[in-house]
Amino acid sequence: MAKSKKVRKINIIDTTMRNGEKTAGVVFSKHEKIRIAKMLDETGIPEIEVGTPGLGGVETDMIKAVLKANLSSRLYAYCNAEIEDIKTTAGIGVKNVVINLSTSDIHLKKLYKENRTWLVNRLREVMRVANKLDLKFIISAEDATRTDLEFLLKIISLSKKKGAERFRICDTVSKFDPFRTFMIISTIKNTIDFPIEVYNHNDFGMATANGMAAIRGGAESIVVSVGGLGDGTGNAAMEEIVMALKYLENVELGIETTKFREIAEYVAKASSRAVPVWKAIVGTNVFAHESGIHADGVIKNPKNYEVFNPAEVGLTRQLVVGKHSGSHTILHKFKEYDIDLTDKEANDILVLTRAMSVDLKRPLFDKELMYIYNEYKSKSKKGTEKEEVNS
Amino acid sequence: MTELDLLTDFSQKAGVTIDPKDIKLDDTTLRDGEQTAGVVFANDEKIYIAKMLDKVGVHQIEAGIPAMGGDEKDAIKKIAGLNLNCSVLAWNRPVKSDIQASVDCGVDAVALSISSSDIHIEHKLQKSREWVLETMKAGVDFAKSHNLYVSVNAEDASRSDMEFLLQFARTAKDAGADRLRYCDTLGILDPFETFLRVKNIIDIMGVDMEMHTHNDFGMAIANAIAGIKAGAIYVNTTINGLGERAGNAAFEELVMALKYVEGVDLGFNTNLFRNLSEYVARVSSRVLPTWKPIVGGNLFVYEDEDKVKGILADPVTYELFKETDVGLERQYVLGKYSGISSITHKMDMLGVKVDKKQAKELVEIIRKKTVASKRALFDIEILDTYKEYKDKSKTVKYGKGKDK
């Protein structure tokens, strides 16, 4: 089959605290930043982007606090390709930096109002300073997916030559699908022997798939964030990438996945959001089954409709009784309350629950099921009594 | 196909031209969307969604499951009677009574769904492969005798033995089915696997194929596109990706990805997307997350200084499509990541002119305020902040004058 069984080492770098916080309207407190960093560290995320020292003041304070937290994850700060920014970053004691600059002609022309020569010179200059300050650095090419490939290769070679640790390809405007991602990344990997990292946006819902395609194409590292939190529509979600690597690519990262739900919830709360019930991997609906066919399948064998056990990501399985439930779900649900229904009873109750659920426009609470059951029982009892009287 | 062949093939499909006329969307918000645990639509809501989808330009609507009877059957009957431009399809098990219920509803197309994976055949159906083929064939025969367009759905196709799946496809085709729906029921494929498997079936069987993908690993859209690249001509979508567990391929995401990433313009009325998404979110008792791709709104909310600079210079720096294309608005907010340009612009929008020095000082003040309140500032707070700042700088000037 197509799946590669080779054991590969893939690096994960989490940017929840940097690009995640950059999301319009999201602000973390110092306490929250430290907590998020600790949770990521405990989970076993190898690298974390902690913030943007160039913002100064409050941000510097938070970054320093995270640096002091004694984490085993490698910590990175993020800066623009400006000498001042890099000096500031080194000044607060950060050892690893991501140096970002845009490489596309569109950005050069419209954003920087400069040309490619300027960009190459600027890159040389910032790398010289970073080396002088003894910083380990990643060069990040913003809008790389709209950059002329030949020019991009030139920039990558230069970064390699000047001692960058690896090179980040940013799909800033979500220009790529998995096909193009794969083609471009494998072309780069075939041309230059240098570690490549990818950074994807989710504007068309393909961040995770593009990340996986890049890994297939030979990329060694991927930028993720918890719940996909990030500017605009966000980034590749940490939990999706880790689980997809594990279950679809057989790459085991040794990450403590049982904490995923907890982290997702914490980050959501700290960013004044809710984890949607349908969020892939960590949403509560992922393991909730209502439809007759599906619930029946899950009751018979969870493997029928589940790829991994809910406990693996800190969730629990739920059987929901609603419009699409079948009699097997009813039987099973009542068994949870030590009530053994006959097939006829289950079918009768199914008619009642379906009607009520349509009426209420939602599934039923367990308590409502009990009301239905009690009413049904008392009615059928009366029915029997009547029959007895009549006979 | 060897791994190398697959990868070469996969690579070559990047940038390949697809004729928009060849691609059709079959939206299943009303069937798989409603099947989501906790979601129930009222009949009027179903009818409204069907009308909206038709107005947007969808090719086919999967309206529901007639075999459920009662209200569900009534709704499907009504939708089939709306005289929409699109085709109306009903979902069935390949059972005579199910299909008869569909016939009663007056739909023009049916999906006949049956599992093709051994794991489902053994554990769920508790039958044999032969039984599956016979049942499916009998279903197609019966539906065809009523002149219906037939989609045969291979449920759990992604966990099915390829040889059996080919046999399944052959049986469906020979029986006269119009297309085969490839269901990645558990959402366990990635674009590579999807491409390989779908291409295999199309190459060998030459059947029309439809993609039904799930988002369990966040890859529903990418897998649908991989299916199209492999030659599938139908995609089964839902508005907002509403569907069981993590949901399905989102209608609005697929349409826009096809248009702006793949260059396949289906000619849909995309400016209705936000309205449609909001409506479906409401009637399914969900909120539309601000970060939802295409229709969430956050894509066009700008706070970061560099991005604001770019957008002001030319939106093409950070946008592949316009906010109005999907019925949204562009917004600027001030927060921790704002800088001189973004503050100057925002103040200008609020009717206040500030110079560079003032903007620089305001950046610091606003940054502190946002961190303290843990959110972006409201317009009224920005104006208040400005007023405070102005008053303060006046006092300082006055004080200085006095000292002299």
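This is a predicted model: local features need pLDDT of at least 70, side-chain atom pairs count only at pLDDT 80 or more; totals for chains, interfaces and linings use all residues.
Helices H2(A) and H3(A) cross in a right-handed sense.

**The H2(A)–H3(A) pair**
- A packed pair of helices is described by the angle between the axes and the distance between them.
- Here, H2(A), residues 30-43, packs on H3(A) at an angle of about 35°, and the axes are 9 Å apart.
- On the H2(A) side you will find Lys30(A), Lys33(A), Ile34(A) and Ala37(A), which meet Asp61(A), Met62(A), Ala65(A) and Val66(A) of H3(A).
- By class, the residues of this contact are five nonpolar and three charged, with no polar ones.

**Helix H11(A)**
- H11(A) spans residues 260-270, and its buried residues are Phe260(A), Arg261(A), Ile263(A), Ala264(A), Val267(A) and Ala270(A).
- Those buried residues pack against H1 (16-22), H2 and H10 of chain A.
- An α-helix has 3.6 residues a turn, so residues three or four places apart point the same way.
- Have a look just past the end of H11(A) too: Ser272(A) takes a positive phi of about 55° there.

**Where chain A touches chain B**
- Chain A brings 73 residues to the contact, and chain B brings 75 residues.
- Elements of chain A that give two or more residues to this side include helix H3 (57-67), helix H10 (238-248), strand S9 (288-289) and helix H14 (343-360).
- The biggest giver on the chain A side is H8(A), with six residues.
- The chain A side divides into 31 nonpolar, 25 polar and 17 charged residues.

Definitions and conventions:
Residues are numbered from 1 along each chain as its sequence is written. Chains are lettered from A and ligands numbered from 1 in the order in which they are written. Two residues are in contact if their C-beta atoms, placed from the backbone, lie within 7 Å. Helices (H or I, at least four residues) and strands (E, at least two) are DSSP runs, numbered from the N terminus. Ala, Val, Leu, Ile, Met, Phe, Trp, Tyr, Cys and Pro count as nonpolar, Asp, Glu, Lys and Arg as charged, and the others, Gly among them, as polar. Axes are lines fitted to C-alpha atoms, for helices over the stretch in contact, and angles run from 0 to 180 degrees between N-to-C directions. A crossing is left-handed if the near helix is turned anticlockwise from the far one by less than a right angle, and right-handed if clockwise. A residue is buried if 20 or more other C-beta atoms lie within 10 Å of its own, exposed if 12 or fewer, and partly exposed in between; C-beta atoms are placed from the backbone.
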